[in-house]
Amino acid sequence: MALKDVSVLLVEDDPVFRRVVASFLDSRGALVTEADDGVQGLDCFKRQNFDVVLADLSMPNLGGLDMLREMYRLDPAMPSIVISGNNVMADVVEALRIGASDYLVKPVADLYIIEQSIRQSLGSMGAQSSELQDMDELSRVELEENLRLLEQNTEAAKHIQKELFPASQVLYPKVRIDYSLYKNDGISAFFIDSTMADSDHLILYMAHFHPEDNRAAFASVLLRSFVNHKLKAYRNGVSTTVVEPFNMLSYLNERIVKSGLEITVDIVYLTVELKHYRASVSQAGHGLRCYLRNDKGLTPLALPDALQLGLLDWGKPSSQFRSLLPGEKLCIATSDPAHKQMLLGDRFDGLVCSDGVLAGGYVQASF
């Protein structure tokens with residue numbers, strides 16, 4: 001059977017829907033444990049190892065998002081799928097941000113969609129099957145239908161993008177991330193993100209979306225979800241792409257083209273191996289630059305222009321490897337001289353709406 005011996009924790013407060021899904025998964029060979037709220041689900045998770053968690057978002061006692069946060073604290077590599085009738089866009093983003101592999105919307109018209117999502121979330125399971133050769137493909141028909149609302153709804157787009165941006169300063173055990181991004185209206189065409197792939201690898205990127213409209217909010221969600229998928233694959237020992245900037249940009253271009261969003265992206269994507277402070281940097285497009293910063297100022301890395309992501313005839317990103325000297329910082333910035341002066345002045349304000357500053361900005365990693 002397709003899901004033979006796959007252990008599934010199904011956390012759902014609707015007894016009818018829970019029984020329907022559990023019976024279907026049983027028929028497909030899965031070993032299903034049922035829980036009717038977040039407290040019971042978390043208790044089951046602590047007592048037993050599961051291959052995947054299916055969770056509702058809106059539940060009594062302990063909601064699905066809070067339950068997943070605690071589960072990921074206990075096991076960061078755990079695959080999870082959110083199934084919910086709650087179509088609030090912030091919940092979609094937060095589920096992805098926490099690390100959910102997929103987001104399905106009730107009513108689920110075809111229960112085989114759940115099976116497909118489980119198989120993809122498990123990464124290497126079923127990889128020999130021809131229809132699952134590309135295990136990185138996001139199963140997100142319902143997710144795309146929800147997020148496409150952002151193209152027409154400016155207020156929803158503003159809210160979603162605000163939820164995605166981090167605080168102006170993010171502290172990791174060996175790294176501090178500071179940034180300022182300036183926008184002149186409700187939607188920022190620029191996006192930044194960072195994370196630790198593990199204790200020794202920092203990931204940092206900055207992107208600029210074209211055209212500069214509501215699709216930038218949609219693109220921010222997709223870009224974050226694409227990176228999250230490769231991050232989970234890395235933590236599960238399936239793929240190292242997320243810490244390989246050259247390969248990561250190749251992967252992102254393929255996904256952006258397939259998204260059908262008709263956007264292009266300038267991006268600088270870098271990783272730093274923190275044991276030896278060795279940086280790997282790749283760039284697509286020409287609107288952003290990566291710099292080394294020391295007591296002498298900013299020194300641009302010699303990365304030639306490359307085609308933007310999102311083009312069918314896209315070539316290859318430009319890349320460079322660099323060993324960092326003590327005290328050196330890595331920065332990504334737009335080309336406006338005023339932005340670079342504010343960076344050198346250590347002006348880090350997070351995401352700012354301002355008519356007096358050109359759209360764009362900068363991000364800095366200090367070690």
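**Cores, helices and backbone in a predicted model**

Q: Which residues have the most contacts inside the largest nonpolar core?
A: The largest nonpolar core has 63 residues; such a core is a set of buried Ala, Val, Leu, Ile, Met, Phe, Trp, Tyr and Cys residues joined through side-chain atoms within 4.5 Å, where buried means under 20% relative accessible area, exposed over 50% and partly exposed in between (1.4 Å probe, protein chains only). Residues are numbered from 1 along each chain as its sequence is written, and side-chain values use heavy atoms, leaving out hydrogens and water. The model is predicted: local features need pLDDT of at least 70, side-chain atom pairs count only at pLDDT 80 or more, and totals for chains, interfaces and linings use all residues. The residues with the most contacts inside the core are Ile177, Phe209, Val242, Leu252, Ile267 and Leu309.

Q: Where does proline 211 lie?
A: Proline 211 is joined to histidine 210 by a cis peptide bond, with omega about 0°. Most peptide bonds are trans. Proline 211 is in the loop between β9 (201-210) and α9.

Q: What is the relative accessibility of tyrosine 277?
A: Tyrosine 277 is not a glycine, yet its phi is positive, about 50°. It sits in the loop between β10 (264-273) and β11 (278-284). Tyrosine 277 counts as partly exposed because its relative accessibility is 28%.

Terms used: Helices (H or I, at least four residues) and strands (E, at least two) are DSSP runs, numbered from the N terminus.
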